[in-house]
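Biologist: I'm new to this structure and would like to learn how to read it. Could you walk me through it, one feature at a time?

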Amino acid sequence: MRILSGIQPSGTLHIGNYFGMIKKMVESQDDGELFAFIASYHALTSLKDSEALKSNIFEAAVNFLSLGLDPNKSTFWSQSDVPEVLELYWLLSNHTSMGLLERAHSYKDKVAKGILANHGLFSYPVLMAADILLYDSDIVPVGKDQVQHVEITRDIANTFNVTYNKEILKLPVAKVDEVVATVLGTDGAKMSKSYGNTIDLFAAPKKLKKQVMGIVTDSTPLEEPKDYTNCNVYNLCKLFMNEDELRVLRDKYATPNMGYGHFKLDLLEAITKYFEPFQEKKDFYTQNPDIVKDILSDGAKKARIIAKAKLEILREIVGLKI
Ligand code: ADP
Ligand code: TRP
């Protein structure tokens, strides 16, 4: 079984990305053959600063490797090191109706937020479909917001297969972990780098503290008990604490004179403890960029062999080879 997923290097990764996607990808290394890539072409839809893009690609690679992605078990590369994906993107574009793309939530949301729409942003799901279909992926672990893109991928693949009367593109299935389907941010909305409500992965202690202390809470006076249901601090604690720890925390919520500041410090400690085991690797890879680049380049070589073989077949099928 082939499991494939990608992440855009469009900013610093946060704990929503971790629980929504990275953690699942790392765990899936034991369930099948994992193909993981940094969606560098996709990032161009929003990022036009070349230095920032370069450093984000590197940072995303370091984060994945530190958080458990094992390049000996999995194929790990940067999307733009396998440019064959762009040829498939073009082939698929000719089997993608405008309406299908116009209905994409992610595109509509971004336009609604005032992001200037260009063709790259509009056709982004077709590139994502190419990523998935080029490698005959079975399963695509993603956060809830990406499920529609996997549905679009199935749609495009089906149209292509019907057009050429061949089961050549494999229809993928999205895998969403319902428990952590959407990690909420410090303001209670979906955590997202574009909303400025994140708790970042591997943030320096001072920054992490600032982000945690900035979580929005209600104005229950200190001397009154607090309600943990729907509390942004408690919701985040659920990701990092076991049931015993949560019980202790709930007792604190019920205790007068225990305030949100206390609960936030408990959360801060839990986050720090949770990511501590990964810190050593993070420091190692950060200090050894050549090792990171070699891993990505080896991954691209492996991915490219598969990509080229698949494209040969597809070129034949559509009639480009005479
Ligand atoms: P962002 O919204 O911060 O720009 P991306 O859209 O780049 O994040 O998402 C990268 C991956 O992380 C996707 O698979 C997405 O579903 C997942 N993800 C992002 N934010 C969250 C969240 N708040 N909760 C769960 N998963 C998330
Ligand atoms: N669109 C995804 C995101 O923003 C990233 C991505 C690109 C992806 N290609 C993919 C995810 C293929 C899964 C499979 O998060």
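Modeller: Let's begin with the overall layout: the centres of domain 1 and domain 2, taken over C-alpha atoms, are separated by 32 Å. Domain 1 covers 2-181 + 289-318 and domain 2 covers 193-282, with bounds that come from an automatic or database domain assignment. Keep in mind that this is a predicted model, where local features need pLDDT of at least 70, side-chain atom pairs count only at pLDDT 80 or more, and totals for chains, interfaces and linings use all residues. Residues are numbered from 1 along each chain as its sequence is written, chains are lettered from A and ligands numbered from 1 in the order in which they are written, and side-chain values use heavy atoms, leaving out hydrogens and water.

Biologist: How many residues of each domain are in contact with the other?

Modeller: Contact means heavy atoms within 4.5 Å. Here 19 residues of domain 1 are in contact with 16 residues of domain 2.

Biologist: And where does the largest nonpolar core lie?

Modeller: A nonpolar core is a set of buried Ala, Val, Leu, Ile, Met, Phe, Trp, Tyr and Cys residues joined through side-chain atoms within 4.5 Å. Buried means under 20% relative accessible area, exposed is over 50%, and partly exposed is in between (1.4 Å probe, protein chains only). The largest core has 58 residues, and Ile22 and Phe76 have the most contacts inside it. Helix α12 (residues 260-287) gives the most to this core, with nine residues; helices (H or I, at least four residues) and strands (E, at least two) are DSSP runs, numbered from the N terminus. Both domain 1 and domain 2 give residues to this core, so it lies between them. Another core, of 43 residues, lies apart from it and includes Val85 and Ala303.

Biologist: How do I read a pair of aromatic rings?

Modeller: You describe such a pair by the distance of the centres and the angle of the planes. Rings of Phe, Tyr and Trp (its six-membered ring) pair if their centres lie within 6.5 Å; planes under 30 degrees apart count as stacked, over 60 as edge-to-face and the rest as tilted. That rule gives 24 aromatic pairs. In one of them, the rings of phenylalanine 35 and tryptophan 77 have centres 5.9 Å apart and planes at 85°, so the pair is edge-to-face. This pair links distant parts of the chain, 42 residues apart: phenylalanine 35 is in strand β2 (residues 33-38) and tryptophan 77 in strand β3 (residues 75-78). Both phenylalanine 35 and tryptophan 77 are buried.

Biologist: What sense do β2 and β3 pair in?

Modeller: Two strands pair if DSSP finds at least two bridges between them. β2 and β3 pair in the parallel sense, over four bridges, and tryptophan 77 in β3 is the bridge partner of phenylalanine 37.

Biologist: What about the two faces of β3?

Modeller: In a regular strand, side chains alternate between the two faces of the sheet. For β3 both faces are covered: Thr75 and Trp77 on one side, Phe76 and Ser78 on the other, all buried.

Biologist: Is glutamine 79 buried or exposed?

Modeller: Glutamine 79 counts as buried, at 1% relative accessibility. It lies in the loop between β3 and α4 (84-93), and among the residues glutamine 79 touches, not counting those up to four places away in sequence, are Phe37, His42 and Asp131.
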